[in-house]
Amino acid sequence: MPADLLRQIFGFDDFRPGQQEIVEAVAAGRDVLAIMPTGGGKSLCYQLPALMRDGVTVVISPLIALMRDQVRALREAGVAAGALTSGNTEDETDQVFAALNDGALKLLYMAPERLASGGTLALLRRSGVTAIAVDEAHCVSQWGHDFRPDYLRIGALKQALGVPLAAFTATADAETRTEIVSRLFGDATPQTFLRGFDRPNIHLAFQAKDGPRRQILDFAAARPGQSGIVYCGSRAKTEALATALNAAGHSALHYHGGMEAQARRDAEARFQREDGLIVAATVAFGMGIDKPDIRWVAHADLPKSIEAYYQEIGRAGRDGLPAETLTLYGPDDIRMRRAQIDEGLAQDDRKQADHARLNALLGLAEATGCRRVRLLSYFGETAAPCGNCDLCDAPPVLFDATRPVQMALSAMLRSGERFGAGHVIDILTGNATEKLRERGHDQLPTFGVGAEWSRAQWQAIVRQMMGLDLCRPDPSRHGALHITDAAHPILRGEQTVTLREDSLRRAKPAFVPKM
Ligand code: ADP
Ligand code: ZN
């Protein structure tokens with residue numbers, strides 16, 4: 001049920017690291033203190049449980065603008081939410097009171113200052129409040145930089161209403177934590193979630209596809225007798241890979257959603273019980289699996305998003321012992337994933353967000369430095385180079401790509417940021433297609449300036465530019481590339497760009513005729 005709500009209301013297919021455990025604890029009515037990095041997805045951890053529980057959840061938040069944004073987003077998703085803040089019009093406040101009276105509200109946002117007014121407690125008592133959520137809970141700390149005196153009233157509110165409280169903050173130092181607990185929870189001991197997102201025992205690695213079946217077989221061969229999962233992009237591939245793995249002397253099963261329920265249960269039970277079994281599976285495999293000693297996870301095809309990637313590799317090494325991962329990716333995957341998004345039924349803004357999540361994963365695939373630094377920064381955490389990823393093991397050769405990147409950006413700009421990568425590359429390589437001549441793009445000063453690089457090399461460059469978020473495809477306009485703010489300093493020559501030389505070397509070079 002949480003997974004259904006996650007999809008229907010919030011439009012996400014997977015939980016972010018850490019979210020699911022917190023959602024379950026809050027939904028179960030426990031007192032919870034959750035420390036999550038900024039951007040980690042805290043709000044969902046109280047919004048989703050509020051929908052699973054009876055009655056109203058009161059959310060105390062210090063920032064009026066943020067409350068209003070959240071209420072608007074929730075309402076758009078069809079959730080009965082309202083806010084009582086000093087920014088309300090009289091009408092808005094009346095509406096909230098009416099909804100509370102009708103027992104129709106699920107989430108009531110409130111600034112802490114509101115708790116100072118005498119009527120508030122009576123109102124909340126009458127309104128069937130069944131839980132309290134506190135955002136930015138460190139504001140209760142007198143020693144912190146964000147102290148809000150009215151946060152001190154929250155503890156008494158919890159006592160008076162006799163309901164569970166979930167407190168969220170990104171500030172993790174031990175003193176602040178202790179203070180939050182004593183001021184908000186009184187004598188109760190909350191269940192505390194302080195897991196950063198990092199899983200340092202998991203080795204991260206990506207490879208561009210280059211004989212993918214052999215790459216997977218080599219990876220498995222180097223880990224004989226270990227339990228592992230190979231995630232595949234299609235049902236047919238799970239069967240083909242399991243056959244190939246068995247032929248290579250491993251014990252392998254396949255698993256996908258098209259199998260009979262009993263056959264699926266059997267496969268799960270065998271994997272759980274036996275040592276050294278490999279399962280070639282679609283993403284249907286894993287939800288119910290709780291096997292601590294999965295030693296490796298490989299992706300035979302690119303996952304759908306960075307969230308899905310992290311959740312899938314996260315099934316390895318739950319025992320904390322070293323575990324390995326390998327994710328393969330190729331241009332066909334990228335095309336397939338893009339098409340899946342574009343052809344889906346989602347709204348345009350959701351599609352755009354899905355493209356962005358895919359871009360984040362591509363950026364990770366083509367990262368120029370430590371993968372863990374990049375991955376954790378996507379989830380809002382900062383880290384130092386990890387020493388446990390393929391790029392820390394063997395740093396890639398970089399080259400100064402400022403000139404080709406400037407060329408590509410200027411080709412995008414000069415064609416009005418209205419064309420996809422194919423057209424932009426036609427301009428750069430001087431390929432005078434009919435479409436190009438029709439628009440007069442063969443007359444642009446950038447026409448043919450990049451002929452020293454091949455199409456495939458330009459594709460690698462543009463892909464890495466997307467990974468660096470210098471340009472973005474617009475899904476509602478057939479992937480038309482527009483440049484981002486981050487690109488301006490490069491265009492102005494104030495900043496240089498380095499890209500990976502190997503991905504250019506792998507791509508077929510341009511045919512340069514001998515003079
Ligand atoms: P914070 O922890 O800083 O309060 P938010 O709750 O605002 O973070 O979430 C940060 C971003 O992460 C938001 O854009 C939100 O939509 C996104 N997000 C949250 N949960 C998920 C998820 N499960 N999958 C994808 N994106 C998510
Ligand atoms: Zn690293």
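1. Glu136 sits in the loop between strand 5 and helix 7. Helices (H or I, at least four residues) and strands (E, at least two) are DSSP runs, numbered from the N terminus. Phi of Glu136 is near 50°, a positive value in a residue other than glycine. Glu136 is buried, because 22 other C-beta atoms lie within 10 Å. A residue is called buried if 20 or more other C-beta atoms lie within 10 Å of its own, exposed if 12 or fewer, and partly exposed in between, with C-beta atoms placed from the backbone.

2. This is a predicted model, in which local features need pLDDT of at least 70 and side-chain atom pairs count only at pLDDT 80 or more, while totals for chains, interfaces and linings use all residues. Residues are numbered from 1 along each chain as its sequence is written, and chains are lettered from A and ligands numbered from 1 in the order in which they are written. The average pLDDT of the protein (the predictor's confidence in each residue, from 0 to 100) is 90, and 97% of the residues score at least 70. The scores for the model are ipTM 0.96 and pTM 0.71.

3. His138 is also in the loop between strand 5 (129-134) and helix 7 (154-161). It has 25 C-beta neighbours inside 10 Å and so counts as buried. Glu179 is 41 residues apart from His138 along the chain, and their C-alpha atoms are separated by 8.4 Å.

4. Glu417 is a residue with a positive phi, about 55°, although it is not a glycine. Its place is the loop between helix 17 (402-414) and helix 18. Glu417 is partly exposed, because 17 other C-beta atoms lie within 10 Å.

5. Which residues come nearest to ligand 1? Of the 14 residues around the ligand, they are Phe12, Arg16, Gly41, Lys42 and Ser43. A residue is near a molecule or strand if its C-beta atom, placed from the backbone, lies within 6 Å of it. By class, the shell holds 4 nonpolar, 6 polar and 4 charged residues. Ala, Val, Leu, Ile, Met, Phe, Trp, Tyr, Cys and Pro count as nonpolar, Asp, Glu, Lys and Arg as charged, and the others, Gly among them, as polar.

6. Helix 3 (residues 42-52) gives the largest share of the shell around ligand 1, 3 residues. Of its 11 residues, 8 are buried, so helix 3 is largely enclosed by the rest of the structure. Among the buried residues are Lys42, Cys45, Tyr46 and Leu48.

7. Helix 2 (residues 19-27) packs against helix 3 at an angle of about 40°, with the axes 8 Å apart. This makes helix 2 oblique to helix 3. Axes are lines fitted to C-alpha atoms, for helices over the stretch in contact, and angles run from 0 to 180 degrees between N-to-C directions. Angles under 35 degrees count as roughly parallel, over 145 as roughly antiparallel, 65 to 115 as roughly perpendicular and the rest as oblique. The crossing of helix 2 and helix 3 is right-handed.

8. Helix 18 (residues 421-429) and helix 20 (residues 455-467) pack at about 125°, with their axes 10 Å apart. Helix 18 is therefore oblique to helix 20.

9. The axes of helix 14 (residues 348-365) and helix 20 come within 8 Å and cross at roughly 115°. Helix 14 and helix 20 are therefore roughly perpendicular to each other. Their crossing is left-handed. A crossing is left-handed if the near helix is turned anticlockwise from the far one by less than a right angle, and right-handed if clockwise.
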